[in-house]
Amino acid sequence: MPTEHYLMTTYGRLPVAFTHGEGAWLWDEGGRRYLDGLAGVAVNGLGHAHPAIVETICAQARRLIHVSNWYENREQQTLAERLCAVAGMDRVFFANSGAEANEAALKLARLHGRRKGVEAPAVIVMEGSFHGRTLGTLSASGSRKVQAGFEPLVPGFRRVPFNDLDAVRQVGARDQTVVAVLVEPILGEGGIQVPDAGYLKGLRKICDEAGWLLILDEIQTGLCRSGAWFAWQHEQARPDVMTVAKALGNGLPIGACLAHGTAAELFHPGQHGSTFGGNPLAAAVGRTVIETLEGMRAWERAAALGQGLLNGLRERLHDTAGVKAVRGRGLLLGIELDRPAHAVMRLALNRGLLLNVTAERVVRLLPPLILSDEEARLLTSGTADAIQEFLAS
């Protein structure tokens, strides 16, 4: 029996298996190389086999991989300090994934609500959002596709259109159980939807006036990808709670829920925890990621690369029938087509390029932040060629 048959059928895999990677490139079992325009879905921000990451993994593994969170963990404490410093936050809880970080954020929202005397606290969430695949986070997500078959969903969510401040105000005016707003600064799985200028600042104002927590899911947008350390910094709309994961471990699983102000004091011993969260190996790698991003001023590089890619794709595709929009911010880019576009992934693979399709019709690019100018040109031309081939077929 093929080994693939031993795996549960949760992924629609493409027919390629990789043996190794370096920088922005991956090699398959036949020795062919591929330009990675997806970075493990915004995970490998520093690319593959980054020397600093490899050295940290090896050195820390020789010393200490794991210790229970019943004991002090200097690597975890150091990472918490560095992460809070770049994020402008006060405290952090470490988990193993973005979904777990979001679960922690939702628990903070409920504690906040109970402190205010709300017996059944509710959270406003957005249509088209994606926050994870645990029962809590898929219930918070705005996608029937990820929810279907897993009902009954977790209650306590009020869904509104993304990028619509009036809708948030209207729900708050008629529902006194609302205690928080949870939002992605840019919808990732929802199709790289960039909100209007002032949207996050508007949410911050609404939450301040109502006494709600503003919770930002920066799992895909964070750690320099948007052209700032975190996407909220483009508008200086600091959240009360923020979640990160993906790029924080550059491939090693780690997630974090950060909090500011009174939200940072809500958890008490015994209310939340994680066996593996923030263990010495993951924490050491997270610290190295932050130090490396700082050293290369990665937010500036992401902003410049992203604008170049956006301009190049718009130039190549502006008169291509079937292309509805080319949009993005930093190194989060989406090309929306007028039809389901999953076949573009296979066409790009045939050209030695990795990308994916989200929201059915949006070709998504999330390349590593270490991409060179020449690799960016290759990514632009390869993506445009694959899209044009698809639309002409």
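Which residues of helix 7 are buried? I looked them up, and they are Ala 167, Val 168, Val 171 and Gly 172. Looking down the axis of helix 7, I found these buried residues within an arc of 135°, so they line one face of the helix; the arc is taken from the directions that run from the helix axis to the C-beta atoms.

A note on the ground rules: this is a predicted model, in which local features need pLDDT of at least 70, side-chain atom pairs count only at pLDDT 80 or more, and totals for chains, interfaces and linings use all residues. Residues are numbered from 1 along each chain as its sequence is written, and side-chain values use heavy atoms, with hydrogens and water left out. Helices (H or I, at least four residues) and strands (E, at least two) are DSSP runs numbered from the N terminus. I call a residue buried under 20% relative accessible area, exposed over 50% and partly exposed in between (1.4 Å probe, protein chains only).

**Around helix 7**

I then turned to the face away from the buried side, which carries the exposed residues Ala 173 and Arg 174. The buried residues of helix 7 pack against strand 5 (122-126), strand 6, strand 7 (178-183) and helix 8 (199-210); contact means heavy atoms within 4.5 Å. At the N-terminal end of helix 7 I found Asp 164 as the cap, with a side-chain oxygen 3.2 Å from the backbone nitrogen of Asp 166.

**Phe 162**

Next I went to the loop between strand 6 (157-160) and helix 7 (165-174), where Phe 162 sits. Why does Phe 162 count as buried? Its relative accessibility is 14%. Beyond its neighbours within four places in sequence, Phe 162 has contacts that include Met 126, Val 183, Leu 187 and Tyr 199.

My last stop was an open sheet of 4 strands in the order 11-12-15-14, with antiparallel pairing; two strands pair if DSSP finds at least two bridges between them. Strand 11 (323-329) and strand 14 (356-358) stand at the edges with a single partner strand each, so one side of each has no neighbour in the sheet. From one strand to the next, the twist averages 25°. Strand 12 (residues 332-337) and strand 15 (residues 362-365) pair over 4 bridges in the antiparallel sense, and I saw Glu 336 opposite Val 362 in strand 15.

Two helices pack on this sheet, and I noted their directions. Helix 10 (residues 298-317) touches strand 11, strand 12 and strand 15, making about 170° with the direction of strand 11. Helix 12 (residues 373-392) also touches strand 11, strand 12 and strand 15, and makes about 15° with the direction of strand 12. Axes here are lines fitted to C-alpha atoms, for helices over the stretch in contact, and angles run from 0 to 180 degrees between N-to-C directions.

Key: Polar contact = N/O pair within 3.5 Å; in protein donor to acceptor, adjacent residues only side chain to side chain.
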